[in-house]
Amino acid sequence: MSTSHLNRGMDLLREATELAKESWWRFFDWVAVVEWRQLVIIWVFALVGFGMLQTPEPAVWFIFVSFAVKVLAGGKRKAELDAAAADRKADAATVDRKLTEAQMATLQAQVEPHFLFNTLALIGQLIETDPSEAARIHAHLIDYLRATLPQMRANGGGTLGKQVELSRAYLAIMQARMKERLAVQFNVPDFLGSAPFPPMMLLILIENAIKHGLEPKIEGGRIEVSAHVVHATLHVDVRDNGAGFNPLSDDGVGLANIRERLRLLYGASAELVIEAPPEGGTLASIRVPYSMMEGA
């Protein structure tokens with residue numbers, strides 16, 4: 001091969017590499033700024049289109065990658081903008097508050113529904129074998145996304161009622177996947193629905209209960225979500241009868257996230273408590289100051 005041909009080949013390789021990089025960052029930027037509603041519509045069309053071609057895998061991968069980019073890029077960008085705005089416009093007290101909000105947003109961006117990829121893959125499989133079941137799980141997934149996406153953009157706000165709604169949608173999907181291996185019970189009084197409660201924390205406890213408590217058991221088990229007030233403190237509990245937990249083990253990312261967000265929001269007035277009930281399993285409890293929403 002002549003030197004000129006080799007140089008031409010190297011030039012083509014460099015051009016292809018630069019084009020691939022440029023295309024990726026254009027895709028990254030587009031996903032980061034596109035509205036969630038438009039993105040979900042594109043997901044649905046992708047699933048339907050590739051499902052009709054009997055090749056749902058590309059659609060599943062596209063949805064998985066774009067969702068991950070959207071959550072991570074959106075949260076990081078918001079955190080950076082909050083911190084920059086605080087540095088430019090505020091006095092010392094406001095700077096501290098804005099930096100705290102930015103840190104909260106960064107922590108919030110770490111929350112990713114780990115089950116999403118498996119759920120989309122399951123829908124892709126069921127399109128061929130059981131279309132009605134695929135449609136049912138797809139409907140549950142849309143309910144979940146409608147409940148969770150606005151809460152991912154919340155800055156510490158939210159109510160217990162919204163978190164329960166989100167948790168019900170998530171558990172409906174998990175029951176469709178686990179069938180009789182998962183039983184669910186909610187014991188949350190209606191009057192507590194308007195109580196302020198940080199977004200996504202309840203879902204993390206439920207995910208942990210399934211991943212570490214029930215999935216290791218062949219027969220599965222039960223999850224109970226409950227809430228009550230004790231001396232002006234709201235207790236939100238997730239109890240499972242699964243494999244239990246090791247009190248000497250470190251917190252994972254999810255539990256560490258909860259502890260840090262509670263510290264930022266409430267200081268020493270809130271806590272995450274993990275217990276091993278005498279009857280077995282695990283009891284995880286988030287305890288925050290109780291107050292009713294204005295106008296509730």
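**Sheet, core and salt bridges of the predicted model**

The side chain of R239 forms a salt bridge with E279, in which the closest N and O atoms are 3.1 Å apart. This pair links distant parts of the chain, since R239 belongs to strand β3 whereas E279 lies in the loop between β4 and β5, 40 residues apart. E279 has a relative accessibility of 59% and therefore counts as exposed, the threshold for that class being over 50%.

The strand that carries R239 is part of an open sheet of 5 strands, arranged in the order β1-β2-β3-β5-β4 and mixed in its pairing. At the two edges of the sheet stand β1, spanning residues 182-187, and β4, spanning residues 271-275, each of which pairs on one side only. From one strand to the next, the twist averages 15°. In general, the strands of a sheet pair through backbone hydrogen bonds, in either a parallel or an antiparallel manner. Strands β2 (residues 221-230) and β3 (residues 233-240) run antiparallel and are joined by 8 bridges, and V229 stands opposite L234 of β3.

Two helices are considered here in relation to the sheet. Helix α7, which comprises residues 160-178, lies across β1, β2 and β3 and runs at about 165° to β1. Helix α9, formed by residues 253-266, packs on the sheet as well, where it touches β4 and β5 (282-289), and its direction makes about 145° with that of β4.

The largest nonpolar core contains 62 residues, and those with the most contacts inside this core are F197, I206, I210, I223, I258 and I286. Helix α7 supplies the largest share of the core, namely 10 residues. For I206, one of the residues with the most contacts in the core, the neighbours can be listed individually: when residues up to four places away in sequence are not counted, I206 touches S167, Y170, L171, I223, V225 and V238.

A search of the whole structure finds 8 salt bridges. Besides the link between E279 and R239, one of the salt bridges connects E165 with K162, whose closest N and O atoms are 3.9 Å apart. Both of these residues lie in helix α7, where they are 3 residues apart, or about one turn of the helix. E165 counts as partly exposed because its relative accessibility is 44%, and K162 is likewise partly exposed, with a relative accessible area of 46%.

Because R263 and E260 are 3 residues apart in helix α9, they are separated by about one helical turn. R263, at 44% relative accessibility, counts as partly exposed. E260 is partly exposed with a relative accessible area of 22%, a value that does not qualify as buried because that class requires under 20%. Finally, E133, R136 and K179 are linked in a network of salt bridges.

Methods
Residues are numbered from 1 along each chain as its sequence is written. This is a predicted model: local features need pLDDT of at least 70, side-chain atom pairs count only at pLDDT 80 or more; totals for chains, interfaces and linings use all residues. Side-chain values use heavy atoms; hydrogens and water are left out. Two strands pair if DSSP finds at least two bridges between them. Helices (H or I, at least four residues) and strands (E, at least two) are DSSP runs, numbered from the N terminus. Axes are lines fitted to C-alpha atoms, for helices over the stretch in contact, and angles run from 0 to 180 degrees between N-to-C directions. Contact means heavy atoms within 4.5 Å. A nonpolar core is a set of buried Ala, Val, Leu, Ile, Met, Phe, Trp, Tyr and Cys residues joined through side-chain atoms within 4.5 Å. Buried means under 20% relative accessible area, exposed over 50%, partly exposed in between (1.4 Å probe, protein chains only). A salt bridge is a side-chain nitrogen of Lys or Arg within 4 Å of a carboxyl oxygen of Asp or Glu.
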